[in-house]
Structures are given as C-alpha cells and as structure tokens.
Amino acid sequence: GTYRITYDLFIEPGTTLKTFRTEFNKPAFSRQVWNIENEPRGEWITVSNTFTTAEITPAQNLRYTFRPHAAENPGVTGAQVMYIDNLKFIEIEERP
C-alpha cells in the first residue's frame with residue numbers, strides 16, 4: 001500500500017546534521033532520506049513523506065529506525081541533537 005509518514009521534529013540549535021535516514025525492515029526493506037539541512041532549529045516542525053510498500057499488517061515484527069549516515073553528512077562533527085514525537089503511519093486510500 002501507499003502510506004504517509006508524519007512526525008514532529010525539534011532540532012536543537014547548533015545541530016548541523018544535513019540528512020538522516022529512516023528504514024523499515026518489513027514487509028520489504030525500505031529506506032527514506034530526509035533532508036533537514038534548511039529546516040529551522042529551536043522550534044517544533046512537522047515533516048512528512050509518502051512511500052509505497054507491501055501492505056503493513058499487525059502480525060509483522062516491523063522495525064523502523066532513524067539513522068544519520070556519515071556519507072550523507074560531510075563536515076558534520078560533534079553532538080547532534082534532535083527530538084522526534086507524534087510518529088504516524090497513515091495508509092492512503094485510493095479512491096475512484
């Protein structure tokens with residue numbers, strides 16, 4: 001199905017992280033890259049992304065990870081602090 005991922009993000013001032021990845025392990029491996037380089041620091045924002053994968057069912061042992069990747073963040077050093085809240089996965093229903 002097609003899903004919208006939405007969550008609130010607070011990036012601490014001084015954090016220079018440019019991107020991070022989110023990854024699913026099931027129903028099929030899926031990766032999204034989130035560009036946050038130009039997002040405001042020091043305030044809550046809402047970010048969202050749409051992706052398509054096989055249907056997600058309650059019986060699956062779904063793992064969803066947030067992962068900064070060094071190769072996508074050249075020049076970023078030191079502590080990088082952000083907070084994530086209100087994570088939502090909403091299936092998008094196709095209508096005729």
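The exercises below concern a predicted model, and each one is followed by a worked solution.

**Exercise 1. Describe the chain as a whole: how many helices and strands are there in the chain?**

Solution. Start with the secondary structure: the chain has zero helices and six strands, giving the pattern β-β-β-β-β-β along the sequence. Next, take the dimensions: the C-alpha trace spans about 45 × 25 × 20 Å along its principal axes. Then turn to burial, where 29% of the 96 residues are buried. The chain exposes about 6100 Å², with 49% of this supplied by carbon and sulfur atoms. Finally, look at the contacts between residues at least 6 apart in sequence: 79% of them join residues at least 24 apart.

**Exercise 2. Work out the open sheet of three strands: which order do the strands have?**

Solution. The order is 4-1-6, and the pairing is antiparallel. Strand 4 (44-52) and strand 6 (82-91) are at the edges with a single partner strand each, so one side of each has no neighbour in the sheet. On average, neighbouring strands here are turned by 20° against each other, direction ignored.

Now count the bridges. Strand 1 (residues 2-11) pairs with strand 6 over eight bridges and with strand 4 over nine bridges. Another position to check is Arg 4, which stands opposite Ile 90 in strand 6.

**Exercise 3. Find the aromatic pairs: how many does a search of the whole structure find?**

Solution. The search finds seven aromatic pairs. Begin with Tyr 7 and Phe 66: their ring centres are 5.3 Å apart and their planes stand at 90°, so this pair is edge-to-face. Tyr 7 belongs to strand 1 and Phe 66 to strand 5 (residues 64-67), so the pair ties together parts 59 residues apart in sequence. Tyr 7 is buried at 0% relative accessible area, whereas Phe 66 is partly exposed at 28%.

Continue with Phe 10 and Trp 44, a tilted pair with 5.5 Å centre to centre and 55° between the planes. This pair links strand 1 to strand 4 across 34 residues. Phe 10 counts as buried at 16% relative accessibility, and Trp 44 as partly exposed at 47%. To finish, trace the cluster that ring pairs form from Tyr 7, Phe 20, Trp 34 and Phe 66.

**Exercise 4. Examine Thr 19: does this residue count as buried or exposed?**

Solution. First locate Thr 19 in strand 2 (residues 19-24). Its relative accessibility is 10%, so Thr 19 counts as buried. Next, list the contacts beyond four places in sequence: among them are Val 33, Trp 34, Ile 36 and Pro 68. Glu 72 is also one of these contacts, and the side chain of Thr 19 reaches the backbone oxygen of Glu 72 at 3.4 Å.

Note on methods. Residues are numbered from 1 along each chain as its sequence is written. This is a predicted model: local features need pLDDT of at least 70, side-chain atom pairs count only at pLDDT 80 or more; totals for chains, interfaces and linings use all residues. Side-chain values use heavy atoms; hydrogens and water are left out. Two strands pair if DSSP finds at least two bridges between them. Helices (H or I, at least four residues) and strands (E, at least two) are DSSP runs, numbered from the N terminus. Axes are lines fitted to C-alpha atoms, for helices over the stretch in contact, and angles run from 0 to 180 degrees between N-to-C directions. Buried means under 20% relative accessible area, exposed over 50%, partly exposed in between (1.4 Å probe, protein chains only). A polar contact is a pair of N or O atoms within 3.5 Å; within protein, one must be able to donate a hydrogen and the other to accept it, and residues adjacent in sequence count only if both atoms are side-chain atoms. Contact means heavy atoms within 4.5 Å. Accessible areas come from the Shrake-Rupley method with a 1.4 Å probe; for residues, only the protein chains shown count as cover. Rings of Phe, Tyr and Trp (its six-membered ring) pair if their centres lie within 6.5 Å; planes under 30 degrees apart count as stacked, over 60 as edge-to-face and the rest as tilted.
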